[in-house]
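Here are a few friendly notes to read alongside the model. Have the sequence and the 3D view open as you go.

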Amino acid sequence: MSQFEPTPEEFSSKRTYTNPVYNGYFADPFVWEHEGVYYAIGTGAAEAEGEVDEIGKRRVFPLLRSEDFVSWEFAGNALLRPDAALGDNYWAPEVAYCDRKFYLYYSVGHEDKRHQLRVATSDRPLGPYQDIGEPLIDPESCSFAIDPHAFRDDDGQWYLFYARDFLDTEGGIRAGTALMVDRLIGMTKLAGEGKVVLRARSDWQRFLANRLMYGDRYDWHTLEGPSVRKHGDRYYCFYSGGRWETENYGVDYGVADSVMGPYSDAGNEAGPRVLKTVVDRVLGPGHNSIVVGPDGKTDYIAYHAWDTGRSARRMCLDKLIWTADGPRCDGPTWTSQTI
């Protein structure tokens with residue numbers, strides 16, 4: 001390096017970005033770093049709208065690539081489409097790396113029904129990913145499961161967090177979609193030790209009143225999009241609550257002393273504490289992942305948000321701040337930000 005070239009620290013401090021960081025439709029963004037390169041995978045417009053049958057032999061799930069965490073470019077699609085009978089709606093992909101292999105977790109179903117959790121593998125971050133040929137949870141025992149998130153604990157054990165439906169309402173909890181966790185065996189099988197992580201209990205988490213579900217009508221509430229980070233000696237399960245199409249959608253969290261819980265999100269009764277709508281600026285920010293930035297120490301939250309015209313959900317990035325009161329975010333932002 002010559003005396004006129006900036007140091008890595010100086011170069012990093014001068015990089016800026018403005019949300020959204022990618023202009024294409026890119027919902028449920030999962031961002032990860034591998035060998036100095038950043039990747040993102042998400043739900044594209046075709047996957048969200050159930051139009052993957054129209055893309056023929058093209059792979060499912062758009063991928064982005066970035067050398068600097070600021071400039072993102074389309075890098076193809078990830079998943080070789082499995083049996084078409086599984087459905088045309090593919091949601092919320094996430095990637096885990098273990099023993100030199102990449103594991104792509106996702107759900108597939110028919111519109112907003114009969115979604116099942118599945119996993120595909122590849123030797124490369126950009127794929128192609130090949131489905132292993134069987135669901136992670138038997139659809140006969142769980143007719144709707146979405147948003148898988150693989151988390152590796154300090155001892156090397158992996159766990160899978162996900163969302164599924166519940167109909168009971170005892171003890172003040174609300175019927176609807178809520179969060180679960182189970183231990184992974186060899187990355188492609190669940191141990192069958194599933195535990196409830198969090199159930200909805202607040203009005204801001206309402207998806208729709210008087211919603212027809214499972215042959216009856218419910219005041220339906222939704223917790224989805226789990227993303228787990230261990231900070232200090234505690235486990236923080238971030239999630240999105242409410243209805244993804246509306247302004248009430250936002251990001252909150254539960255905290256536990258053990259990865260399998262029990263978790264508590266007490267303190268959020270008035271609304272989400274990490275990300276929420278900024279009227280006339282950013283609508284419905286949510287479904288996040290967490291990644292360490294280029295400085296190797298700053299946590300960033302990757303999420304999608306609607307523009308004010310609700311034309312598309314697009315990927316955004318903002319700093320995650322750990323405070324004495326729990327995690328908070330410097331966002332959602334819409335002005336220039338410095339990395």
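What percentage of the 339 residues in the protein chain is buried?

1. Buried residues account for 54% of the 339 in the protein chain, where buried means under 20% relative accessible area with a 1.4 Å probe, protein chains only. Please keep in mind that this is a predicted model, in which local features need pLDDT of at least 70, side-chain atom pairs count only at pLDDT 80 or more, and totals for chains, interfaces and linings use all residues. Residues are numbered from 1 along each chain as its sequence is written, and side-chain values use heavy atoms, with hydrogens and water left out.

2. You will find 2 helices and 23 strands in the protein chain; these are DSSP runs, with helices (H or I) of at least four residues and strands (E) of at least two, numbered from the N terminus.

3. The largest nonpolar core has 23 residues. Such a core is a set of buried Ala, Val, Leu, Ile, Met, Phe, Trp, Tyr and Cys residues joined through side-chain atoms within 4.5 Å. Phe161, Leu179 and Cys237 are among the members that touch the most others. Elements giving two or more residues to this core include strand 6 (89–98) and strand 16 (216–231).

4. Another core lies apart from that one, with 21 residues, including Val37 and Tyr106.

5. Take a look at leucine 198: beyond its neighbours within four places in sequence, its contacts (heavy atoms within 4.5 Å) include Leu179, Tyr239 and Asp265.

6. On charge, the protein chain carries 37 positive and 52 negative side chains, counting Lys and Arg as positive and Asp and Glu as negative, without His or the chain ends.

Note on methods. Buried means under 20% relative accessible area, exposed over 50%, partly exposed in between (1.4 Å probe, protein chains only). The place of a charge is taken as NZ of Lys, CZ of Arg, CG of Asp or CD of Glu.
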